[in-house]
Amino acid sequence: RPLQVMLPVKVTELEEAFEICGKHAALEHKYDGFRMVLMRDEKGVIRLFTRKFESVTAQFPDVVKVMERTLGNRTYIFDAEVVGHDPQTGKTLPFEAISQRIRRKHHIEELVKQLPVVINVFDVLYYQGEGTTALPFMERRALLETIIPVHTGIHPSEQLVTSDLEV
């Protein structure tokens, strides 16, 4: 069964977002990166896929290392966005910078050094042998926040939960 990756609702006015999502909504930062499904199976293999399920594992060995270091031998499937990161300024790089890595087949390690990335995790779809997509979003988010530490290479996506238009 194919994975269902939840895509955000894009609107131009907050009133429209509340109409679509309801008066108590989770608002997340719009990243300028590369959306991925990150998974580690029962055999310990970590794989990275695009939304169209094309493998990009080879292009992001640094993401694999962060996942290994952060989550060890746990099994999971996460919906995430990987963004380019300038370690000198701490700022996010535009999508065009990271897009160089997407189709690259050679000299990946050079690009890893030149274009480091940060992983922003939106959702947990599977964890430790259990599917989580039937859980309410807020429960999945709470689970995600217990799984993913705030770390220099990975963290939960920025989120604001509110029903107040002014907030």
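The radius of gyration here is taken over C-alpha atoms, and the rule for a globule is 2.2 Å times the number of residues to the power 0.38. This is a predicted model, where local features need pLDDT of at least 70, side-chain atom pairs count only at pLDDT 80 or more, and totals for chains, interfaces and linings use all residues. Residues are numbered from 1 along each chain as its sequence is written, and side-chain values use heavy atoms, with hydrogens and water left out.

Figure 1. Helices (H or I, at least four residues) and strands (E, at least two) are DSSP runs, numbered from the N terminus. Read from that end, the order is α-β-β-β-α-β-α-α-β-β-α-β-β. For 167 residues, a compact globule would have a radius of gyration near 15 Å, and the 16 Å of this protein agrees with that. The C-alpha trace spans about 50 × 35 × 30 Å along its principal axes. Take contacts (heavy atoms within 4.5 Å) with a separation of 6 or more: 63% of them come from residues 24 or more positions apart.

**Figure 2. Helix 2, a mostly covered helix.** Buried means under 20% relative accessible area, exposed over 50%, and partly exposed in between (1.4 Å probe, protein chains only). By that count, 43% of the 167 residues in the protein are buried. Helix 2 covers residues 61–71, and eight of its 11 residues are buried. Among them are Pro61, Asp62, Val63 and Val64, and the list also includes Met67 and Leu71. Just past the helix, Gly72 takes a positive phi of about 55°.

**Figure 3. Two loop residues with positive phi.** Phe53 is not a glycine, yet its phi is positive at about 65°. This residue lies in the loop between strand 3 (46–49) and helix 2, and is partly exposed, with a relative accessible area of 36%. Gln128 isn't a glycine either, and has a positive phi of about 50°. Look for Gln128 in the loop between strand 5 (117–127) and strand 6 (130–131); at 42% relative accessibility, Gln128 counts as partly exposed.

**Figure 4. Arg35 and Asp79, joined through their side chains.** Arg35 sits in strand 2 (residues 34–40) and counts as buried because its relative accessibility is 12%. The polar contact between the side chains of Arg35 and Asp79 is 2.7 Å. Such a contact is a pair of N or O atoms within 3.5 Å; within protein, one must be able to donate a hydrogen and the other to accept it, and residues adjacent in sequence count only if both atoms are side-chain atoms.

**Figure 5. Phe49 and its contacts.** Phe49 belongs to strand 3 and, at 16% relative accessibility, counts as buried. Phe49 and Met36 are 13 residues apart in sequence but 5.4 Å apart in space, C-alpha to C-alpha. Setting aside neighbours within four places in sequence, Phe49 is in contact with Arg35, Met36, Val37, Met39, Glu54, Ser55 and Val56.
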